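Please read it with the structure open.

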Amino acid sequence: MDVKSPYLHPEYETLSREEISKLQTERLRETFEHCKNVPFYAKKFKEMNLSVEDINSPEDVRKLPFTTKQDLRDTYPFGLAAVPLSECVRLHSSSGTTGNPTVILHTQRDLDEWANQVARNLWMVGLRPDDVFQNSSGYGMFTGGLGFQYGAERLGMLTVPAAAGNSLRQIKFIKDFGTTAIHAIPSYLTRLYEVMQEQGVDPRKDTKLKVFAIGAEPHSEEQRKRIENMFGVKAYNSFGMSEMCGPGVGFECKEQNGLHFWEDYYIVEIVDPDTLEPVPDGEIGELVLTSIRREAMPLIRYRTRDLTRVLGRTCPCGRNHVRLDRMKGRSDDMIVLRGVNIFPIQIEKILMKFPELGSNYLITLSTEDNNDQMTVEVEVNEGTDDFAKLQSLEKEIRHQLGDEILLKPIVRLVSKGSLPVSEGKAVRVVDKRKVYQ
Ligand code: AMP
Ligand code: ZN
């Protein structure tokens, strides 16, 4: 196996299942003790009468309490810190953010380990210090920016913080700097390809591109293949979430047979979202992660709400870290569009501010010309039929939604009674992107 990087502790990558289990038990015990510094966990451990002696295997994680996104919101901003703030050096927040963002803290060691994780992934798919890595993802609070930046630098690559958007400049960088690898959200790469075509740039002939890391948003196997065929470049699925650090949590190896989730950093459980009991390997359930190597803000049994399944615990590549299927959906109503997390309730909150609007609305997610987009249809109350007024109303709604959810959807005002009325629980979101396949 090709893991002889001097930087990346390759010995952890090739652990046997037995060794993984031993290391996880050790790290879970450490994490348990460390979490006693967090009043939220200390109280729960006491109520549940738990002590470190209860932890003798990774499976004993099931004795511990769950943590939810709501817990992060309730303790906002620093309530789940396990070290004094003076020991923290970075703060990120979950993408999408308005209202109640979730804040994640990092110590210097957390950042170092995170960079190692990302570097491990990039090495795994064949990148080396002589590669040129262009990070075409959003920077700022979104972890895909700095996460990949530090990871690619850790590997020793020349790293270009191109950030998102501005395709003409991206293409210029790719050509001028000899970019061999790009990290971007998948929906952006299809857009980039269109602009290359408009510019007469053939990625196979005119660039040195060979590897893409694509992630931060759901995408289907078909979408991956389409991207690979457009550019003639291998595209590897990258899973991350800010609560666990950011990108680097799970990544595909060259076999492209599911995401290796790094079990020296996380204990992975797949549970039934209703009963919260474990489901057998191969069955779809909710991904629950415990971070066992984090200082600033370790999270125990964090309910990610992402739905997936275990594909295997061995791999022809020689790594025995659990392989999970690409994400199959969410067990809550969160929408991930162009890498941004959006809850329908954020949209509803804005719509309901307008007295001209009724309370029936429908959010449709679709792919038009390779671009993922959102259309918000909402019924107007009777009596609002002045065309000019409707037009300016549409514009104002779009503007306010843009402020709230960080991207501007198409807004369509429709007459009362024209949207489907569902029996029972209202269907507010129709996803035609076919991203979860
Ligand atoms: P954030 O914490 O803002 O980075 O968002 C994390 C969420 O983005 C995850 O819980 C997933 O729902 C989604 N996500 C990230 N990477 C992927 C991926 N490779 N495939 C599908 N969904 C993803
Ligand atoms: Zn593998």
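A residue counts as buried under 20% relative accessible area, as exposed over 50%, and as partly exposed in between. By that rule Lys389, at 41% relative accessibility, is partly exposed. The model discussed here is predicted, and its chain is assigned two parts, domain 1 (1-331) and domain 2 (335-436).

**Contact between the domains**

- The centres of domain 1 and domain 2, taken over C-alpha atoms, are separated by 31 Å, and the contact between them takes 25 residues from domain 1 and 18 residues from domain 2.
- About 1,700 Å² of area is buried between domain 1 and domain 2, with carbon and sulfur atoms giving 47% of that area.
- Between domain 1 and domain 2 there are zero salt bridges, whereas two residue pairs, both at pLDDT 80 or more, are in polar contact.
- On the side of domain 1 that touches domain 2, at least two residues each are supplied by helix 4 (69-74), helix 8 (186-198), helix 10 (221-231) and strand 15 (329-330); helix 8 gives the largest share, four residues.
- Sorted by class, this side of domain 1 holds six nonpolar, eleven polar and eight charged residues.

**Salt bridges**

- The count for the model comes to 30 salt bridges, where the rule asks for a side-chain nitrogen of Lys or Arg within 4 Å of a carboxyl oxygen of Asp or Glu.
- One of these joins the side chains of Arg17 and Glu263, with an N to O distance of 2.6 Å; Arg17 lies in helix 2 (residues 17-35) and Glu263 in the loop between strand 9 (259-261) and strand 10 (266-271), so the pair ties together parts that are 246 residues apart in sequence.
- Within that pair, Arg17 is partly exposed at a relative accessible area of 29%, while Glu263 is buried at 3%.
- Lys36 and Glu33 also form a salt bridge, their closest N and O atoms being 2.7 Å apart, and here Lys36 is partly exposed with a relative accessible area of 40%, as is Glu33 with 35%.
- In the salt bridge of Lys389 with Glu356, the closest N and O atoms are 3.7 Å apart, and the pair links distant parts of the chain, 33 residues apart, with Lys389 in helix 12 (residues 387-405) and Glu356 in the loop between helix 11 (344-351) and strand 18 (357-368).
- A network of salt bridges links Glu221, Arg224, Lys225, Glu252 and Arg326.

Key. Residues are numbered from 1 along each chain as its sequence is written. Chains are lettered from A and ligands numbered from 1 in the order in which they are written. This is a predicted model: local features need pLDDT of at least 70, side-chain atom pairs count only at pLDDT 80 or more; totals for chains, interfaces and linings use all residues. Side-chain values use heavy atoms; hydrogens and water are left out. Domain bounds come from an automatic or database domain assignment. Contact means heavy atoms within 4.5 Å. Buried area is the accessible area (1.4 Å probe) that two parts lose on being put together, summed over both. A polar contact is a pair of N or O atoms within 3.5 Å; within protein, one must be able to donate a hydrogen and the other to accept it, and residues adjacent in sequence count only if both atoms are side-chain atoms. Ala, Val, Leu, Ile, Met, Phe, Trp, Tyr, Cys and Pro count as nonpolar, Asp, Glu, Lys and Arg as charged, and the others, Gly among them, as polar. Buried means under 20% relative accessible area, exposed over 50%, partly exposed in between (1.4 Å probe, protein chains only).
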